[in-house]
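Here's a quick briefing to read with the structure open beside you. Take it one topic at a time and find each residue as you go.

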Amino acid sequence: MKKTIFEEMGGTYIRNGDYLIPCITLPEEEQRFIGVWGQRHLRYLKAHRRGVYLNLLTSGRLNDYLVDIEEQAQERFERIVEQMKQAQGITEQLKAENQMEWVARMNNIQACAREIVDRESIYQKV
């Protein structure tokens, strides 16, 4: 009996009634921690870039890709927060003198930085 291309490449089939169904397995991929930025990007890919998501998943590169996004987004977030702190004159002295104002201003900066990173890295990258 002639082998199919799938069988020639090392694939196998299982019989389900009258049908032969290819046994497809995903390549092994090292599991690394994916934080909040990577998880957000994963949700974005699944919802809006399904083809890219499936391509990364079936090629075994999804986890590494999301870890890279996580690292880049976290670095960008921290850099933006520091730049905004300097631009607005938020110092440790302010923190010591008026904690409530410091917390309010830092929360505002972090919210702005999250929006920037989301827009630049999480919901546009691919």
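Start at Y44, which counts as buried at 13% relative accessibility (buried means under 20% relative accessible area, exposed over 50%, partly exposed in between, with a 1.4 Å probe and protein chains only). Keep in mind that this is a predicted model, where local features need pLDDT of at least 70 and side-chain atom pairs count only at pLDDT 80 or more, while totals for chains, interfaces and linings use all residues. Residues are numbered from 1 along each chain as its sequence is written, and side-chain values use heavy atoms, with hydrogens and water left out.

**The chain as a whole**

- The protein chain has 6 helices and 2 strands (these are DSSP runs numbered from the N terminus: H or I of at least four residues for helices, E of at least two for strands).
- Reading from the N terminus, the elements go α-β-β-α-α-α-α-α.
- The chain has 126 residues, and 29% of them count as buried.
- Take the contacts between residues at least 6 apart in sequence: 67% of them join residues at least 24 apart (contact means heavy atoms within 4.5 Å).

**Helix α4**

- Does the length of helix α4 agree or disagree with 1.5 Å a residue? Its 27 residues (62-88) should span 39 Å, and the end C-alpha atoms are 38 Å apart, so the two agree (the expected span is 1.5 Å times one less than the number of residues).

**Aromatic pairs**

- How many aromatic pairs turn up in a search of the whole structure? There are 2 (rings of Phe, Tyr and Trp, using the six-membered ring of Trp, pair if their centres lie within 6.5 Å; planes under 30 degrees apart are stacked, over 60 edge-to-face, and the rest tilted).
- W37 and F77 make a tilted pair, because their ring centres are 5.7 Å apart and their planes meet at 50°.
- This pair links distant parts of the chain, as W37 sits in helix α2 and F77 in helix α4, 40 residues apart.
- W37 is buried, with a relative accessible area of 3%, and F77 is buried too, at 12%.
- Y44 and Y123 form an edge-to-face pair, 5.7 Å centre to centre with 70° between the planes.
- Here too, distant parts of the chain are linked: Y44 is in helix α2 and Y123 in the segment after α6 (99-122), 79 residues apart.
- Y123 counts as partly exposed, at 33% relative accessibility.

**A charge over a ring**

- K95 lies over the face of W102, 4.6 Å from the ring centre (this needs NZ of Lys or CZ of Arg within 6 Å of the ring centre and within 35 degrees of the ring normal).

- R40 is in helix α2 (residues 36-48) and is buried, with a relative accessible area of 18%.
- Not counting residues up to four places away in sequence, R40 touches R114, D118, I122 and Y123.
- I116 belongs to helix α6 and counts as partly exposed, at 22% relative accessibility.
- Leaving aside neighbours within four places in sequence, I116 is in contact with R76 and I80.
- The C-alpha atoms of I116 and F77 are 8.2 Å apart, though the two residues are 39 apart along the chain.
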